[in-house]
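Trainee: Could you show me how to read a few side-chain features in a model like this one? I would like the general idea and then the case at hand.

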Amino acid sequence: FLFFPLQTEFKSCGGCAEQITDRYIFEVSGCAWHGSCLRCSICYCSLERQVSCYFKDGEVYCKTDYIKKFKASCAKCSRSISPSDWVRRARDFVFHLACFACDSCGRQLSTGEQFAIIDDRVLCKTHYMELIDDGTTSSEDGCDAEGNSKNKTKRIRTTFTEEQIQILQANFQIDSNPDGQDLERIALATGLSKRVTQVWFQNSRARQKKH
C-alpha cells in the first residue's frame, strides 16, 4: 500500500467511512484509510507500520492470514501448497509433485503421461484401462498430464440382469460406498466380478451426485 500527504479534499476512510483529517492518507487498492483503521480482518493486527498488506473481496489481510486463507491445498494430501513447491495441475485439482501418483499402484506420474481421474482418484493409463475393460464407468475419459480430454476409448459394456440390478440397488441403499469385503460379498451374490461390482457402485455414486 501507499501513503500520501493529505490533499485539500478530504477522503472517506475505507474502514470507518469517516473523513480522514490525519496528516497522511494510507491507500490500499485505490481506497483511503486512517492508519488506525488499517487492520487485518482476521487477526486485527495493525498494518499501519507494515511494508505491505493484502486486499481481496473488500477485506484487508496481513501476509500470514492471507496465505492461510487463500493458499491452495494439495488434492491428494490436503496439505497447503507454498509458492516454492513444484506442483502438477489436472483440471480443477492441484497436486504436490510427489503426490501426483496412481492410486492403484502408487507410481508417480511423469510430465506428458496419460492418466485419468475417477471419483477423485488418479489412475495411470494401465490401471484405467484395466478398470474399463472389466465394466463401464461414467467418470472421466482418459486425459493427458494437463487434464485435457483425449479421444474416448471404446469400452466393453456389461449387461446386468433384472435380478442383479435389484441386488445391487438394495445394497446401494444400505451403503453407497462398500469396502472390499462387502464388494466381494455383493459380487458373489450377483455372480459378477468384484471389479464390475465396484464400477457399478462408482457409476451410481456419480449419478447420485448429479441429482
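Trainee: Is Asp103 buried, partly exposed or exposed, and what is its relative accessible area?

Mentor: Begin with the scale: buried means under 20% relative accessible area, exposed over 50%, and partly exposed in between, using a 1.4 Å probe and protein chains only. Asp103 has 37%, so the residue is partly exposed. Keep in mind that this is a predicted model, where local features need pLDDT of at least 70, side-chain atom pairs count only at pLDDT 80 or more, and totals for chains, interfaces and linings use all residues. Residues are numbered from 1 along each chain as its sequence is written, and side-chain values use heavy atoms, leaving out hydrogens and water.

Trainee: Which side chain does Asp103 meet in a salt bridge?

Mentor: A salt bridge is a side-chain nitrogen of Lys or Arg within 4 Å of a carboxyl oxygen of Asp or Glu. For Asp103 the partner is Lys76, at 3.8 Å from N to O. Asp103 sits in the loop between β7 (93–96) and β8 (115–118), and Lys76 in the loop between α1 (63–70) and β6 (87–90), so the pair ties together parts 27 residues apart in sequence. Helices here are DSSP runs of H or I with at least four residues, strands are runs of E with at least two, and both are numbered from the N terminus. Lys76 is partly exposed as well, at 33%.

Trainee: How many salt bridges does the structure hold?

Mentor: Four. Among them, Glu113 and Arg107 meet at 2.5 Å, N to O, and Arg107 is partly exposed at 37%. Another joins Asp182 and Arg185 at 3.7 Å; both lie in helix α4, three residues apart, about one turn of the helix.

Trainee: What else lies in helix α4, residues 180–190?

Mentor: Thr190 is one of its residues, and with a relative accessible area of 8% Thr190 is buried. A contact means heavy atoms within 4.5 Å. Leaving aside residues up to four places away in sequence, Thr190 touches Gln164, Ile167, Leu168 and Thr197.
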